[in-house]
Amino acid sequence: MPTSTNTAFTKQNRQSAAHVAVDYLQSVLGDRLLCKQQTVDSIPTLWFSRESIIQALTILRNESFAGARFEMLLDLTAIDERARINRQEQPESDFTVVYHLMSFSGNADLRLKVPLHDSDLRTPTTCDLWPNANWYEREVWDMFGIRFDGHPNLYRLVLPPTWKGHALRKEHPARATEMEPFALNDEQTDVEQEALKFKPEEWGMKRASDDSEFMFLNLGPNHPSVHGAFRIAVQLDGEILVDAVPDIGYHHRGAEKMGERQSWHTFIPYTDRIDYLGGVMNNLPYVMAVEKMAGIEVPERVKVIRVMLSEMFRICSHLLFYGTFAQDVGQLSPIFYMFVERERIFNIIESICGARMHPGWFRIGGVAQDLPKGWDTRIRELLEFMPPRLDEYDSMVMNNGILKRRTQGVGAYTTQEAFDWGVTGAGLRATGLEWDMRKQRPYSGYENFEFDVPIAANGDCYDRCAVRVEEMRQSLRIIKQCVDNMPSGDYKSSHPLTTPPRKENTMQDIETLINHFLNVSWGPVIPPNEVSMSIEATKGINSYYLISDGSTTSYRTRIRTPSFAHLQMIPAISRGFMVSDLIAIIASIDFVMADVDR
Amino acid sequence: MNWSLEAADQAKAPQRGNDDLDKLVRQNVMMVTLEDMIAWGRKNSLWPFNFGLSCCYVEMATAITSRHDVARFGSEVIRGTPRQADMIIIAGTVFRKMAPVVKQLYDQLLEPKWVISMGSCANSGGMYDIYSVVQGVDKFLPVDVYVSGCPPRPEALLQGLMLLQESIGKQRRPLSWVINEQGIIQREENDVQRVIRGPERIAATELRSPDEV
């Protein structure tokens, strides 16, 4: 596995690409720039009207700034601003569309916003600039009812086609118990099923070519190889895949709406269930984002505990991927071996956190408890036990001739294509780009650890798997460093917004007691601001974009998940292959439906 | 049914004039009513449908793999189609968009069929009282066993499976088509585990401290 030396971008460099871009935009479109907004995450945020947004985005997409380009549309979402109180110096807006661009060459971020008014909710599409804008725009239409002019197929993406209303609008009910009780009679089942029927014409698909009639195959939403409630409709010419339409939304748990209802603290368990294989690693971007808004610095010990547990979950998630990947291309036994390690890791996690899959153990300003006595014994055993097993899996899976022939050269894409589709994580590194958030933008103390970023060259199914296998070894390295160098100290910050607050600070006088009571019963009040925090999650870049309006709950919680982007790419990389290759491609992506639909 | 086993290397050949013959008969011949035997067979060969919705499915898969090994309970034959399965485990959150699909899959299971609702979401919506989630799969399916947890441990699923097996073992069904009354003797209503195990749990005086592994 080739690992080149890290070409670290300094923080200065990172700001410079963004600042050059901002200066350039100001000089070219100065009169049309509505506002420059300040946010606590220091990502430059520019407001443009919908008439000039395409021009601004085109410049950012095509021009070079201090040698860097903004290659990726990391996220596209919207905010319902109608109930927001703290909007100092921002242009008037009922609904705001937000574009989050990311530059890999310059390691920089840029946020662009477009204000829209209730009476006329439309803005031009950006599908021509970034193909991955397609789903993001459909999602915004589905959730907010904002139209994107020129979009090729602006249908609902997440909610059922029969849904009434737009769920992330403030007037839409959040609770199922606020709505009409759910009932499902035969007649209604038929209506819903009819609505879900795949109609090729809607997608511009022909039923026949000049010399053959196409077959349409429906895979899912319950199919053994699609890893959850995911559906893909496939257009076939004989056995050759002509086109495919992924259909998602069968796993939409309304996590973003939930964020507007739960307090900052009580939302933590919901983050666990976003990428449900990533466990506490999901807590990390969320609590770090809140900490940034609150101005909390966490102790070193907290950082190392968080890194250690996150890396354990990375191994867990990769093992599940590894096993199911082998299973999907025909090897039934590896998964039975790999679950042995998973059980060992779950034993450790359980001994520390008290739960297996969803401990929800990180807190705003710390972790839930200190490490128990003797916490390191089982981890050291794992560090001994696992490396030879990984070598064994190499000979069992990675060197297996059938697996190689089924996955090498299948579903390959280039780094540029990965940028176009918003692919991050192992899928991006498999194309040869050495990009890992933990190295490029170290968070939670990753800069103190020695580890390599594995990459591969071909960007095919086999390489995506190979990168993850190597990542498990690197995670073990990181865990070893955590165990050997666990700092002493507190498991919680002493900041007043730390939740739950420190007990010893409460018993002083009536004032501290009241504060403690409010912080525990209502939760902390986070000062109004906007923040975006990204981490290298198990499947790619997971990012939380939080808006606080100065209350005990979030005003808007946007969760940018890697799997959402990755699924959208399936048709582009599977055309011309056979159905059996499609299964290998789906397996190699490593997605979780909760990470797609949220 | 009354039967016993003994280790193969210790088994003796039957001798004339003592009760060995009795034993031999007992080992090889089973006197049973056909109804009882079918109930016994049903109980010990529950084939689950390969169906999963979310997080719980991962723990269900864990129950199938090596450490927990659901094969010990005769339930490892995962079927890819509902038409070959006896049981569906609703492992995960039931979404509004998914509900008609779940309904159709359930309808395709052949009688007799059973439903295990696994995890808080399938039981009641759990922590997801949200617009896109059905508040419990029992809003449109009859559930036989509820397994609590978020997600339940694999052991909890196995316990749920054993409870279901126990109740299936008590069910009696007609052996061919009957007109009018189906003659199905349903299991009696069980108390929830909270009631059955409550006193024992409350009686616990020493709880392990979380400070130690």
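Helices and strands are DSSP runs, numbered from the N terminus. The model shown in these views is predicted.

View 1. Strand 9 covers residues 231-237 and strand 10 covers residues 240-247, and seven bridges pair the two strands of chain A in the antiparallel sense. Within this pairing, Ile232(A) has Pro246(A) of strand 10 of chain A opposite it.

**View 2. The three-stranded open sheet of chain A.** Three strands of chain A make up an open sheet in the order 13-14-15, and the pairing is antiparallel. Strand 13 (529-536) and strand 15 (554-560) of chain A each have a single partner strand, so these two strands stand at the edges and one side of each lacks a neighbour in the sheet. Direction ignored, neighbouring strands of the sheet are turned against each other by 10° on average. Eight bridges link strand 13 of chain A to strand 14 (residues 541-548) of chain A in the antiparallel sense. Met533(A) is placed opposite Tyr544(A), a residue of strand 14 of chain A.

**View 3. Helix 7 on the sheet of chain A.** Helix 7 of chain A, formed by residues 283-294, lies across strand 13 and strand 14 of chain A. The helix runs at about 145° to strand 13 of chain A.

**View 4. Packing of helix 15 and helix 19 in chain A.** Two packed helices are described by the angle between their axes and the distance between the axes. For helix 15 (residues 461-484) and helix 19 (residues 579-589) of chain A, the angle is about 25° and the axes are 9 Å apart. Angles under 35 degrees count as roughly parallel, and helix 15 and helix 19 of chain A are therefore roughly parallel to each other. The crossing of helix 15 of chain A past helix 19 of chain A is left-handed.

**View 5. The contact between domain 1 and domain 2 of chain A.** The domain assignment of chain A places residues 3-149 in domain 1 and residues 255-597 in domain 2. The C-alpha centres of these two domains of chain A are 26 Å apart. Domain 1 of chain A contributes 27 residues to the contact, and domain 2 of chain A contributes 32 residues. On the side of domain 1 of chain A that touches domain 2 of chain A, strand 3 (72-80) and helix 3 (133-144) of chain A are the elements that give two or more residues. Strand 3 of chain A gives the most to this side, with six residues. The residues of this side of domain 1 of chain A comprise 13 nonpolar, ten polar and four charged.

**View 6. The contact between chain B and chain A.** Here 43 residues of chain B are in contact with 50 residues of chain A. Helix 3 (55-64) and helix 4 (99-108) of chain B each supply at least two residues of the side of chain B that touches chain A. Helix 4 of chain B gives the most to that side, with six residues. The side of chain B that touches chain A holds 21 nonpolar, twelve polar and ten charged residues.

Methods
Residues are numbered from 1 along each chain as its sequence is written. Chains are lettered from A and ligands numbered from 1 in the order in which they are written. This is a predicted model: local features need pLDDT of at least 70, side-chain atom pairs count only at pLDDT 80 or more; totals for chains, interfaces and linings use all residues. Two strands pair if DSSP finds at least two bridges between them. Helices (H or I, at least four residues) and strands (E, at least two) are DSSP runs, numbered from the N terminus. Axes are lines fitted to C-alpha atoms, for helices over the stretch in contact, and angles run from 0 to 180 degrees between N-to-C directions. Angles under 35 degrees count as roughly parallel, over 145 as roughly antiparallel, 65 to 115 as roughly perpendicular and the rest as oblique. A crossing is left-handed if the near helix is turned anticlockwise from the far one by less than a right angle, and right-handed if clockwise. Two residues are in contact if their C-beta atoms, placed from the backbone, lie within 7 Å. Ala, Val, Leu, Ile, Met, Phe, Trp, Tyr, Cys and Pro count as nonpolar, Asp, Glu, Lys and Arg as charged, and the others, Gly among them, as polar. Domain bounds come from an automatic or database domain assignment.
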